[in-house]
Amino acid sequence: MNILSDVKILVTGSNGQIGTVLIDALRDRYGNENVVASDILFPEDQNGPFEILDITDSSRLQEVIQEHKITEIYHLAALLSSKGEKNIQLTWDINFNAYFQILNVAVANNIKKIFFPSTIGVFGHTTPKKDTPQFTSFIPETVYGISKYTGELWNNYFNKRYGLDIRSLRYPGVISYQSIPVGGTTDYAVEIFFEAVKHKKYECYLKADTALPMIYMPDAVKATLDLMSAPTEKVSSQSAYNLSGFSFTPAQLAKEIQKHIPDFQIFYSPDHRQQIAESWSESIDDSRARNDWSWSPNYDMAKMVEDMLANIS
Ligand SMILES: NC(=O)c1ccc[n+]([C@@H]2O[C@H](COP(=O)([O-])OP(=O)(O)OC[C@H]3O[C@@H](n4cnc5c(N)ncnc54)[C@H](O)[C@@H]3O)[C@@H](O)[C@H]2O)c1
């Protein structure tokens, strides 16, 4: 194990779907004591330092940064697409106003690097749906998408004006077995596995033919670590990189699950999330990430389904 002890990382929103897995990967790489987890509630278990930190409280943020001599921030805390629509002011405060404060506190405290997770939610109806390019039309239809796209623009600004090294990925839907996500539009692609194993049936809130880009958690973590450790000269986008593992529809995913659980059945009962999904891309062109820092996923859909079922069963 290569422990680089001059790096001291703060992760915000570490109790969430991505944080719970990313924290372990960061601690493996940098050592338990060098990765400070934080969230608004204590987690169930923790094998390193943890701080209660509401990211809307910038003086508490400053206190945590100074107390732990933080050099890098992985800023995961956010309200996601579906939950965001239920309280747009709170979503703007958490996803954008708090991020703007983090950027200012980072400059004032000489933070070396920031990771900002963006999303395919930055795309909208005017964006080409297939092989969505890195630079395209951005008219997001949710407060989540608006807040994340604004964050991308500020990434670029803070890099140019203050030299802050900000790295960002537009994560597609992230699939994992460690927790059941809530509040996103791609959550079905995780719920379906738990229901398939438990009840052999699933009622899907999207239509059968709604294609969305996705990624398996080990690849999402790999992309994050690879981008954050890429040499500066390899990073040509300081706003955000397109990223994808694979794309599928609920019907295609159900068919792949049936190869392992033949009597699994899927039913469709679209709700408000259908409209959000329809404003997003079906597939992503992530060639810039591939060319710049050699991004390449290890999992395709079949391999992901096999691994998810093996772990959940
Ligand atoms: N999971 C995905 O499919 C996906 C896709 C695209 C982008 N992302 C982005 O990745 C990041 C992590 O996503 P996730 O799926 O782990 O989200 P999540 O909803 O599972 O976790 C978010 C965490 O943020 C915390 N939080 C909420 N308000 C906070 C506040 N005021 N202060 C501090 N913490 C607060 C929550 O308690 C939660 O633990 C988010 O920024 C999200 O926008 C996720």
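Two residues are in contact if their C-beta atoms, placed from the backbone, lie within 7 Å. This criterion is used below wherever one part of the protein is said to touch or pack against another. The structure is a predicted model, in which local features need pLDDT of at least 70 and side-chain atom pairs count only at pLDDT 80 or more, while totals for chains, interfaces and linings use all residues. Residues are numbered from 1 along each chain as its sequence is written.

The protein is divided into domain 1 (9–174 + 215–242) and domain 2 (175–213 + 245–282 + 299–312), with bounds that come from an automatic or database domain assignment. Between the C-alpha centres of domain 1 and domain 2 there is a distance of 25 Å. To the contact, domain 1 contributes 27 residues and domain 2 contributes 21 residues. On the side of domain 1 that touches domain 2, the elements giving two or more residues are H1, helix H3 (81–84), E7, strand E9 (212–216) and helix H7 (217–229). Here helices (H or I, at least four residues) and strands (E, at least two) are DSSP runs, numbered from the N terminus. That side of domain 1 comprises 11 nonpolar, 11 polar and five charged residues. In this classification Ala, Val, Leu, Ile, Met, Phe, Trp, Tyr, Cys and Pro count as nonpolar, Asp, Glu, Lys and Arg as charged, and the others, Gly among them, as polar.

The strands may be considered next. Two strands are said to pair if DSSP finds at least two bridges between them. Strands of a sheet pair through backbone hydrogen bonds, either parallel or antiparallel. Strand E2 (residues 35–39) is joined to E3 by three bridges, and the two run parallel; within E3, Phe50 is the bridge partner of Ala37. Three bridges also join E1 to E2, again in parallel, and Ile9 stands opposite Val35 in E2.

Which faces of strand E1 (residues 9–12) are covered? Both are: Ile9 and Val11 on one side, and Leu10 and Thr12 on the other, are all buried. A residue is buried if 20 or more other C-beta atoms lie within 10 Å of its own, exposed if 12 or fewer, and partly exposed in between, the C-beta atoms being placed from the backbone.

Strand E8 (201–204) presents another pattern. In a regular strand the side chains alternate between the two faces of the sheet. E8 runs parallel to E12, to which four bridges join it, and the partner of Tyr202 in E12 is Ile266.

Helix H8 (residues 250–258) has Pro250, Leu253, Ala254 and Ile257 as its buried residues. These residues lie on the same side of H8 because they cover an arc of only 100 degrees around the axis, the arc being that of the directions from the helix axis to the C-beta atoms. The buried residues of H8 pack against helix H6 (188–199), strand E8 (201–204), strand E11 (246–248), strand E12 (265–268) and helix H11 (301–312).

The ligand is surrounded by 27 residues, of which the closest are Gly13, Gly16, Ala77, Ala78 and Tyr171; a residue is near a molecule or strand if its C-beta atom, placed from the backbone, lies within 6 Å of it. Domain 1 and domain 2 each provide at least three residues of this shell. Helix H1 (17–30), strand E5 (113–119) and strand E7 (173–175) each supply at least two, and H1 gives the most, with three residues. By class, the shell holds 13 nonpolar, 12 polar and two charged residues.

Finally, some loop residues deserve attention. Lys69, in the loop between helix H2 (58–68) and strand E4 (72–75), has a phi near 50 degrees, a positive value in a residue other than glycine. Lys69 is exposed, because 9 other C-beta atoms lie within 10 Å. Ser294, in the loop between helix H10 (287–293) and H11, likewise is not a glycine and has a positive phi of about 60 degrees. Ser294 is exposed, with 10 other C-beta atoms within 10 Å.
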